[in-house]
Amino acid sequence: MAGRFGRMHQNPVTTQPLRLPVTHGSVSNKTTGSVRIRQAGRLVGWYETVSLCAPMTMPLQPPTSFVDVLIVGAGPAGLMCGNALAAAGGIEVKIIDQRPSKISVGHADGLQPRTIEVLQSYGLAERLLHEGNQMYMSAYYNPSHNGGIELTTRVPDVNIPNSRFPFKLALHQGAIEDAFLDSMVQYNLKVDRPVKPLAIELSRDQEQLHSLSSYPVKVTLARLDATTDEDKLEVIHAKYVVGADGAHSWVRKAFGITMDGDQTNYVWGVVDVVPDTNFPDIRNKAAIHSMNGSLMIIPREGEKVRLYVQLSEEDIVDPTTGRVSKSKSSPETILEVARKTLHPFYISPLSDIEWWTIYMIGQRVASRFSVEDRIFIAGDACHTHSPKAGQGMNASMNDTHNLAWKIAQVLRGWANPSILKTYESERRKYAQDLIDFDKRYAALFSGKPRTSADQDGISHEEFFKAYETAGGFTSGMGIHYGPSIIVNTKHQSCAENLVVGQRMLPQVFVRAADARPVEIHDLLPADTRFKILIFLGFMEEESQVVEINALAEQLSSPAGFLRIYSTGGQNSASMFDLITIVVGNKDNFNYLNVPLVFRPHWSKVLLDDTDVTGRKGGGGYKRFGISSKSITFVVVRPDGYIGMVAPAAALGDVHEYFASFLLSCH
């Protein structure tokens, strides 16, 4: 039901009649059919008073609380968001999930190289690298002349030369969620379960929607394990809501957001098994095309492997519903198909099947990712695709990695709320590109292989080229955000190889104070701060030193962006983290010669030199395409993507870049 001031949505699966009272707190400025609500001195907003149907027996005033961000769904996207916001500090976060417990087996199974980098920025990668299986090689099999399959080629699974982690990591989703859950404990955040939303209301009052102090979203929650009516309901007033509640998202449906795209007729079965087999590439990722269908093997943690097995639509799909029916299949059926596809090799389970499922590939993108920049959807709630390219969980976590720092900056009053619009512009474009890739890849993988008898089939060269060409995309390394208020490409030529809108490249430098080699990525934590990398060049040139000293004075002045956007006008460390990189020799360079503004801490001055072994570091300026004869700014966003590069002579443009979305703290 919609009205002048608000919208109330009823959970489509609610079976009991429900009335949501709006008589909490003091009421003023009453208009026809609406009330203005204040609670504890806070303006909650204008809401339409609507009776959905006859009232059920419930407390007149269920418990009410206020949060900055309510996250619906505790899968990878929701946990990434919750952990990031909790780690930012000073933000009231509530995360709910209707499942009574976290998942322990199955579901998503792999991390791409870029996602490992992102998890490293939160301090979570080391644990997962220890627990998971690192996949370095891919093997490709095609039909042989005798009716079975044979090896065609083996190649590196990650073919991106600038990858810090040149492998993919196979590990079940539950273990990845555990890493987030354990991290959240230190920030006193835990998932509230089993809880589901019953109704959601978003204020239509423009003043409230644009007020940083308002709570324009009202959500009624139901505790599924409540033993009494008094304990069942809870009302949450939130500044923002993030719907990370899966492909059948309640939040998405509540606001009438459509999923645009198609359902394919490709049906696949999945089994997790400890195998007994003579297949030689069982511990490599393997893509297999046979006359019996296609199969993908993912070696997992321990001795487990996951099999993605192409199935026949006629055997699995329920003709009355058009959907796959798990009752029409079994893990034994899936394994039998796998055995035929692997011929002449054999495979059998050594123990019970740990987890299995079947699915029909759907390729869809939500028509929008946000409502009034107060409600956001993320992960499977806004894009669905086949799992074989290994993008689902990775795309989901990177959605909220993109969103969380923007919400944090706005909540602190440091950034204009307009920055939130870049979530949809950046991540929906990526999702559309992902679906376009997935359509091509799924069709190639599910298609019949070319043989001497069938020249119309998919050739190995065609399949392999498509996957190799898309390596930057599938690994996450090639994600490229277009120009916006936080992506400025004006001075791209001053750092030719650091592509504005893409991730910061990894590189080892040497710490000037103690000659310790450091990976620049490890100095770019996801802590909501902008990292300002200042490449001072070769400091032995007198003209360069003069320019460096002049720049130091400009940055230190009250009119410099470091002071304008610093809390209290004094300390810029809460907003910016400065890292200085100099061309120099570790044997004779004195880091104290660097002006104080460029060395906020002794660990923040780096040399583009090799370490004491001569094996790590060096060549960073050349690799980045930066001249050692000039001074260059590289602005890295809190999510690790390059927002801008600029020469020192364009300091005014750097100032304008930040002025376009940051709010002065003075």
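How many bridges join S28 to S31, and do the two strands run parallel or antiparallel? The close-ups below, taken from a predicted model, will take you there.

View 1. The strands line up in the order S27-S26-S30-S29-S28-S31-S32, and their pairing is mixed. Strands S27 (517–519) and S32 (642–647) each have a single partner strand, so one side of each is left without a neighbour in the sheet. On average, neighbouring strands are turned by 30° against each other, direction ignored.

**View 2. Strand S28 and its two pairings.** With strand S29 (residues 576–583), strand S28 (residues 530–538) runs parallel, joined by 8 bridges. Look for Leu 533, which stands opposite Ile 579 in S29. Here is the reply to our opening question: S28 and S31 run antiparallel, and 5 bridges join them. Lys 531 stands opposite Val 636 in S31.

View 3. Because 5 of the 5 residues of S31 are buried, the strand is largely enclosed by the rest of the structure.

**View 4. The hairpin of S31 and S32.** These strands pair in the antiparallel sense over 5 bridges, and Val 636 has Ile 642 in S32 as its bridge partner. Between the strands lie 5 residues, and in this hairpin Gly 640 takes a positive phi near 90°.

Definitions and conventions:
Residues numbered from 1 in each chain as written. Predicted model: local features only at pLDDT ≥ 70, side-chain atom pairs only at ≥ 80, totals over all residues. Heavy atoms only, no water. Pairing = 2+ DSSP bridges. Helix = DSSP H or I, 4+ residues; strand = E, 2+ residues; numbered from the N terminus. Axes fitted to C-alpha atoms, helices over the stretch in contact; angles between N-to-C directions. Buried < 20%, exposed > 50% of the residue type's maximum accessible area, 1.4 Å probe, protein only.
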